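Try each task yourself before you read the solution.

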Amino acid sequence: PANNITVEKMDLLTNPLAHYWAASSHNSYVIGDQLTGVSPPDAYRRQLLQGCRHLEIDCWDGPGDTPEVFHGYTLTSHLKLRDVLETVNQHAFTTSPYPVILSLEMHLSPSQQLKAANMIREIFGDKLLLPESRRSDEAAFLRSPEELCGRILIKCKIRADKIADTNDEVSTVYETDGSAVASRGDIKLCK
């Protein structure tokens, strides 16, 4: 009987990704309360090892033009975005081969958005699911978890006051239903 259950579960994972609930973690990096809690470097590792497939990353401008992760307007401790991304990359598929969705909440200036985009592409490499066009990002959620095994998907929300204009270092910004893509050349942050 156990084998039949496993086969049935695996059969179910051939439906579109949007048909499933995913284990999620909001403010994944904060341990304790949301105002003064600490953000230990291994917080994301622990979430992934506990089976989370959808993690939130709050990105803020950091010193030295280096993006950081923290719960804004609070006293929580700060993590470097690069450290968070490297941790996710290392542990994303330790407990499950199924896709990891990173929900980026962008509070970054346009220049730090570009740094974040470069880090994401560099660190995740071929694991990162990149849309071929603006419309194909919707198609990612029509793919099944089986088709997306070993892939990292990015969803992103950028505050309107953080979207670059044409005079900024970021050359193109596409807006779609409140979300945006900051791009320069072939480097795209998110959709």
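**Exercise 1. Work out which element of the protein chain has the lowest mean pLDDT and which the highest.**

Solution. Start with the ground rules: this is a predicted model, where local features need pLDDT of at least 70, side-chain atom pairs count only at pLDDT 80 or more, and totals for chains, interfaces and linings use all residues. Residues are numbered from 1 along each chain as its sequence is written, and side-chain values use heavy atoms, with hydrogens and water left out.

Step 1: pLDDT is the predictor's confidence in each residue, from 0 to 100. Helices (H or I, at least four residues) and strands (E, at least two) are DSSP runs, numbered from the N terminus.

Step 2: for the protein chain, the mean pLDDT is 78, and 72% of its residues reach 70 or more.

**Exercise 2. Find which strands pair with β5, and in what sense.**

Solution. Step 1: two strands pair if DSSP finds at least two bridges between them.

Step 1: strand β2 (residues 54-60) runs parallel to β5, with seven bridges. Here Trp60 sits opposite His107 in β5.

Step 2: β5 is also parallel to strand β6 (residues 152-158), again joined by seven bridges. Glu105 faces Lys157 in β6.

Step 3: now check burial, where buried means under 20% relative accessible area, exposed over 50%, and partly exposed in between (1.4 Å probe, protein chains only). Seven of the eight residues of β5 (residues 100-107) are buried.

**Exercise 3. Describe the largest nonpolar core and name the element that gives it the most residues.**

Solution. Step 1: a nonpolar core is a set of buried Ala, Val, Leu, Ile, Met, Phe, Trp, Tyr and Cys residues joined through side-chain atoms within 4.5 Å.

Step 1: the largest one has 30 residues, and Tyr44, Ile57, Val88, Leu102, Leu104 and Phe124 have the most contacts inside it.

Step 2: at least two residues each come from α2 (43-49), β2, α3, β5, α4 (110-124) and β6. The biggest giver is α4, with five residues.

Step 3: zoom in on Leu104, which touches Ile57, Cys59, Ile120, Ile154, Lys155, Cys156 and Lys157, leaving out residues up to four places away in sequence.

**Exercise 4. Is Thr76 buried or exposed, and what does its side chain meet?**

Solution. Step 1: look in the loop between β3 (68-69) and β4 (79-80), where Thr76 is found.

Step 1: Thr76 is buried, because its relative accessible area is 3%.

Step 2: a polar atom of the Thr76 side chain lies 3.4 Å from the backbone nitrogen of His71.

Step 3: beyond neighbours within four places in sequence, Thr76 contacts Val30, Gln34, Leu35, Thr36, Gly37, Ser39, Phe70 and His71.

**Exercise 5. What is the phi of Asp65, and where does this residue sit?**

Solution. Step 1: most residues other than glycine have a negative phi.

Step 1: Asp65 is not a glycine, but its phi is positive, about 60°.

Step 2: Asp65 belongs to the loop between β2 and β3. Asp65 counts as partly exposed because its relative accessibility is 30%.

Conventions: A polar contact is a pair of N or O atoms within 3.5 Å; within protein, one must be able to donate a hydrogen and the other to accept it, and residues adjacent in sequence count only if both atoms are side-chain atoms. Contact means heavy atoms within 4.5 Å.
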